[in-house]
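Here is a short report on one protein chain. Look over the sequence and the model first, then read on.

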Amino acid sequence: MARSTAHRISRPAPGTSAGGPRRARQAPTSSALPWLAPQLAPARQTGTARTPATLDDRALVELPKAHLHLHLVGSMRPSTLAEWCRRDGRPFPDLDLDAGGWPRFNAIYEAASASVRREDDLRRLVDELVEDQARDGARWVEITADPSNYHGRIGSAAHVLAILLDAGRAASARHGVAVGWVICANRSRRPDQALELAALAAANASDEVVGFGLANDERAAPTAEFSRAFGIAREAGLAAVPHAGELCGASNVAEAVHLLGATRVGHGVRALEDEAVLSLLVERQVTLEVCPTSNLALGVYEADWAAAGPEGAHPVERLRAAGVKVCLNADDPLLFGASLLDEYRFAQDALGWGPTGLASSAAASIDGASCPERQRRRLRAELACWAAAHGASLDGAPGF
Ligand SMILES: [Zn+2]
């Protein structure tokens, strides 16, 4: 799985600093995001020159952007999880990922998923997720969800999807963030379940159900086993947006493109291990949904860059420099403690991205979004205004 698991991770206590609105306008600190502490020291000077004027949170929130890689359950607020655990007499899961790696991550995720017991829980989960995106300045969010996870508690996958769509509409109207859904198959389950989900997604393809994904442990099953499911989804006009190149290497990214028809890849960062795969991503204009904090927390890359050296550091800047379209995403804020806004702060404070680099990520997110074209045009126009106001150049940015 991970190339390094050397760094240690401590999670904040529930309801204190991880996720939720109270962290919205606070800079990440070593106590809030301990695995980012090494990078939040003096910023590295990378391919994007740092400008003297560091953008404040208001400017980062106002940056028009889309959030393309965000899991429904992984976005649960810790305070909500604690409340539901109390309600149901369940123990609050220890959110400490320290030394647990992927199996620990999966166990916490399953515990959070099991806490969603009722239709009202689903509706609240969606509403709070969208409210948190509004707080961070996302204008379009694609929520990744597996509606088959609630069978026996809330209902069939089709019933759950109908609830999610309705909740998404209500939350969108309430918080002013447009919502799309990515129906996501599970690589650790049988491929015929992926076929059923693909058929459900295809039957609901619309401006709301916009994509089909594949998540969980990349090592669990060969990519080819999911080709038919992705074929059904693509045939219905859905975007193919599987995870790849996180726990496995560059060849999995190539397979996602060749076998699943991926136009975006969740993570994909390990494409950097093979120049031919990098060239493939550039040639096919594939967008990578990069989630730096997730990668550091799971040990995909070394948290201590000084110890890791250039080859061990998180590669988002190197991917961008190679011409790959990359946008920043949060993945699972519940587990990693970082919101979308935190990821943009990270890029500025740890990677040294100035307004041009940050605007480039926003442009890639808008370019790669499965939103209606009228919204894409509007967001691009708003991004151009933001760039002019903050001295950012959009020359060569995706879609410009
Ligand atoms: Zn993910």
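## The five-stranded sheet

This is a predicted model. An open sheet is built from 5 strands, and their order is β1-β2-β3-β4-β5. The pairing is parallel. Its edge strands are β1 (65–71) and β5 (239–240), and each of them pairs on one side only.

Helix α6, residues 191–203, packs on this sheet. The helix touches β3 and β4 (209–215). Its direction makes about 155° with that of β3.

## Strand pairs within it

β1 and β2 run parallel and are joined by 5 bridges. Across this pair, L70 stands opposite I143 in β2. How many residues of β1 are buried? The count is 7 of the 7, so the strand is largely enclosed by the rest of the structure.

Next come β2 (residues 138–145) and β3 (residues 178–186). They pair in the parallel sense over 6 bridges. V141 has V179 in β3 as its bridge partner.

## The four-stranded sheet

Another open sheet has 4 strands, in the order β6-β7-β8-β9. Here too the pairing is parallel. At the edges stand β6 (243–244) and β9 (325–328). Each has a single partner strand, so one side of each is left without a neighbour in the sheet.

## The nonpolar core

The largest nonpolar core holds 120 residues. Which of them touch the most other members? They are I143, I183, A201, F212, A233, V253 and A359. β3 gives the most to this core, with 7 residues.

I143 also belongs to the strand pairing above, where L70 stands opposite it. A233 can be followed through its contacts. Leaving aside neighbours within four places in sequence, A233 is in contact with A198, A201, A202, F212, L238 and A240. Among these partners, A201 and F212 are also on the list of core residues that touch the most other members.

## The chain overall

The chain has 400 residues, and 53% of them are buried. Its secondary structure comes to 16 helices and 9 strands.

What share of the contacts with a separation of 6 or more joins residues 24 or more positions apart? Such pairs account for 77%.

Technical notes
Residues numbered from 1 in each chain as written. Predicted model: local features only at pLDDT ≥ 70, side-chain atom pairs only at ≥ 80, totals over all residues. Pairing = 2+ DSSP bridges. Helix = DSSP H or I, 4+ residues; strand = E, 2+ residues; numbered from the N terminus. Contact = placed C-beta atoms within 7 Å. Axes fitted to C-alpha atoms, helices over the stretch in contact; angles between N-to-C directions. Buried ≥ 20, exposed ≤ 12 C-beta atoms within 10 Å, placed from the backbone. Core = buried A, V, L, I, M, F, W, Y, C linked by C-beta atoms within 7 Å.
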